[in-house]
2 protein chains.
Amino acid sequence: MKMKKGKTTIHDIAGKLNVTASTVSRALNDNPRISAATKKKVLKVAKQLNYQPNHIASALRSGKSRLIGVIVPTANRNFFSSVIRGIEEIATTLNYRIVISQSYDEFEKEVQNVETLLNAQVDGIIASIGKSTENIEHFRKIINKGIPLVLFDRVSNKLEVSQVIIDDYLGAYQAVSHLIENGARRIVHFSSSQRINIYKERKRGYEDALRDNGIKIDPELILYSNMQLEDGREMMERVISEGITFDAVFSSSDYSIMGAMQVLKEHGFKIPQQVKLVGFGNEPFTSFTDPTITTVDQKSIPMGKITAETFFELINDENSNPMTKKTILKPELIIRGSSQ
Amino acid sequence: MKMKKGKTTIHDIAGKLNVTASTVSRALNDNPRISAATKKKVLKVAKQLNYQPNHIASALRSGKSRLIGVIVPTANRNFFSSVIRGIEEIATTLNYRIVISQSYDEFEKEVQNVETLLNAQVDGIIASIGKSTENIEHFRKIINKGIPLVLFDRVSNKLEVSQVIIDDYLGAYQAVSHLIENGARRIVHFSSSQRINIYKERKRGYEDALRDNGIKIDPELILYSNMQLEDGREMMERVISEGITFDAVFSSSDYSIMGAMQVLKEHGFKIPQQVKLVGFGNEPFTSFTDPTITTVDQKSIPMGKITAETFFELINDENSNPMTKKTILKPELIIRGSSQ
DNA sequence: ATATCTTGTGCAAACGATTACACAGATTTT
DNA sequence: AAAATCTGTGTAATCGTTTGCACAAGATAT
């Protein structure tokens with residue numbers, strides 16, 4: 001067993017077969033110019049020598065790293081990690097790997113992540129924009145380099161790129177309609193920055209559902225925050241202490257509806273009898289609470305898969321024209337205990 | 001603005017300064033043989049030309065990719081994503097990037113992930129072993145290649161590598177002692193495969209705490225499963241239907257204690273009055289439930305940081321001797337409503 | 001004053017794969 | 001039967017950095 005210390009390369013294979021490295025390279029890449037017989041031999045010897053292609057060398061020469069950069073606010077949320085899983089499943093079958101980086105919703109981090117990924121020579125980037133991001137020059141830089149970019153969920157319409165989102169408007173509309181059907185009339189809405197597409201759309205859905213049911217929109221009932229659990233608590237406390245009458249809360253985030261529920265319970269409100277609640281996101285914990293929380297499912301796995309598919313369409317699109325494709329998925333209202 | 005289509009390379013910098021690429025390369029890498037004056041000039045021109053080093057080329061030549069492969073069962077759990085965050089924070093400051101891959105607790109996936117990461121030429125691997133993994137040859141392969149490997153949380157003592165874990169025994173011991181102090185005597189224990197270090201240690205802690213308090217260990221009270229929420233439900237149903245008397249449950253997982261709590265509530269048990277509960281992991285949802293769940297915090301962020309530090313010690317350890325280091329962190333019992 | 005270091009830089013060969021171009025022999029077209 | 005095309009493979013350059021070796025000039029030691 002002579003086991004040269006280095007890994008086996010195409011040259012080793014070539015040597016064993018008395019052909020050149022180029023032939024081996026072509027054979028391994030299934031180049032049509034190589035005869036079937038040669039291919040078979042090459043493959044056999046490659047297996048025999050336990051040949052592992054050196055992706056780095058290939059990347060350097062060909063300019064393709066087979067790496068996809070994925071930027072998410074945090075991999076820590078069920079929604080994002082599910083999307084990632086969806087992306088990964090598609091990528092793996094196409095022999096691409098994904099590099100995940102988190103922006104933690106910080107603008108600086110996001111910019112730096114883009115920089116790092118570009119430096120790492122990724123073949124393209126898939127991203128969901130961070131909450132605090134207003135300036136989107138770093139994404140424009142990706143586009144200008146001619147590198148495929150696909151956005152999902154948190155997108156920007158200032159950017160002419162392919163994107164995959166759910167119909168946030170519809171999700172909100174259905175959620176609020178459901179509350180109204182169950183008797184709610186004074187529905188508080190938790191929203192966040194209207195610069196962010198998802199919050200803007202959800203609020204629009206909320207308003208239209210009210211309007212279509214002949215309920216006047218009361219600005220007093222709409223509260224803005226960062227949508228974390230603690231924010232939900234604070235907003236609920238505020239509404240209660242200000243003596244505002246309400247019989248339901250529709251939140252654009254499961255986390256803040258959770259905070260609201262805690263506060264409501266502390267104040268002795270009966271849920272759903274006195275106050276009905278609906279969140280957004282279908283985070284797993286919404287089915288662990290008491291009562292369980294009605295919420296809107298965002299179809300995370302399909303979103304991941306479609307995002308990846310859209311991405312690979314771009315990758316395979318030779319004539320690098322800025323073809324953009326927008327996919328809008330249908331959300332699903334998951335009705336649980338907090339609303340009926 | 002003549003903007004050659006290609007990116008700027010060290011040759012471009014060299015050209016501008018009438019030196020060679022080697023000098024530029026050395027200057028950029030802060031090689032002591034280069035004069036301070038030259039370094040300054042190089043840095044200046046590099047900035048001026050917006051030079052971005054080509055990591056791929058560097059990786060090919062030097063054999064160092066500055067990539068760390070991280071394998072976790074799922075990035076989707078607070079514990080793992082927090083550890084990842086810890087790792088990332090350290091790695092970023094040292095200009096390393098991390099490639100995350102998930103095993104989904106499937107053996108095949110895990111083996112394939114190792115393969116893929118090695119193929120991607122990562123400089124080292126950080127991993128937490130999947131639940132179904134018994135054969136650990138794929139990890140041995142990493143070691144045999146002389147590539148640094150650090151395990152955290154779910155480790156294997158069949159492997160002579162550096163590892164970072166928490167004191168699972170102590171965590172369990174404290175949890176069970178706490179239950180006993182609060183009056184529990186018949187404590188059910190949810191455990192899982194005893195091949196996995198964490199479950200074995202937690203069970204040992206459970207048993208010793210009972211023993212030290214003069215309570216006999218009743219094998220009937222120890223149940224084994226996969227520790228998901230559904231498993232917790234099933235085990236709790238089984239215990240109840242078999243008429244076994246019990247006044248507390250200590251679970252090695254927050255998910256299965258959640259399932260147990262659901263079932264107990266469905267059966268009308270009062271928590272914590274009739275049955276006290278303690279989980280393990282301090283998943284965020286444990287503070288969302290009603291009552292909130294007492295659990296053991298696993299110090300995920302410090303674990304991530306220490307894991308990364310241990311990793312970099314190995315990376316910087318020239319004389320590749322198989323120096324292994326084992327760090328054991330102290331867990332923390334988080335006392336909440338379900339136990340007192 | 002000669003021998004020996006030190007300092008700063010250049011030369012050129014890697015690293016391992018890909019690929020434009022060339023070309024010989026076989027096959028088909030005209 | 002000459003010309004054109006196809007098939008299968010080889011040659012050699014290339015991707016952008018890194019790095020062992022060489023070497024000139026200045027500094028230090030003997």
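I sorted the residues of the surface near DNA strand D by type: 9 are nonpolar, 14 polar and 5 charged. My classes: Ala, Val, Leu, Ile, Met, Phe, Trp, Tyr, Cys and Pro are nonpolar, Asp, Glu, Lys and Arg are charged, and the others, Gly among them, are polar.

I note that this is a predicted model, where local features need pLDDT of at least 70 and side-chain atom pairs pLDDT 80 or more, while totals for chains, interfaces and linings use all residues. Residues are numbered from 1 along each chain as its sequence is written, with chains lettered from A and ligands numbered from 1 in the order in which they are written.

Next I looked up who surrounds DNA strand D. I found 28 residues, "near" being a C-beta atom, placed from the backbone, within 6 Å. The closest are A:Arg61, B:Thr9, B:Ser22, B:Ala57 and B:Arg61. Chain A gives two or more residues from each of helix 2 (21–28) and helix 4 (55–62). Elements are DSSP runs numbered from the N terminus (helices H or I, at least four residues; strands E, at least two).

Then I turned to the contact between the chains. It takes 24 residues from chain B and 24 from chain A, counting C-beta atoms, placed from the backbone, within 7 Å. On the chain B side, helix 4 gives the most, with 5 residues. That side divides into 12 nonpolar, 10 polar and 2 charged residues.

Last, I checked symmetry. A rotation of 180 degrees with 0.0 Å of shift along its axis superposes chain B on chain A, RMSD 0.2 Å (least squares on C-alpha atoms of residues with pLDDT of at least 70 in both). The two copies are therefore related as by a two-fold rotation axis. The same surface serves both: 100% of the contact residues of chain B recur in chain A.

Definitions and conventions. Two residues are in contact if their C-beta atoms, placed from the backbone, lie within 7 Å.
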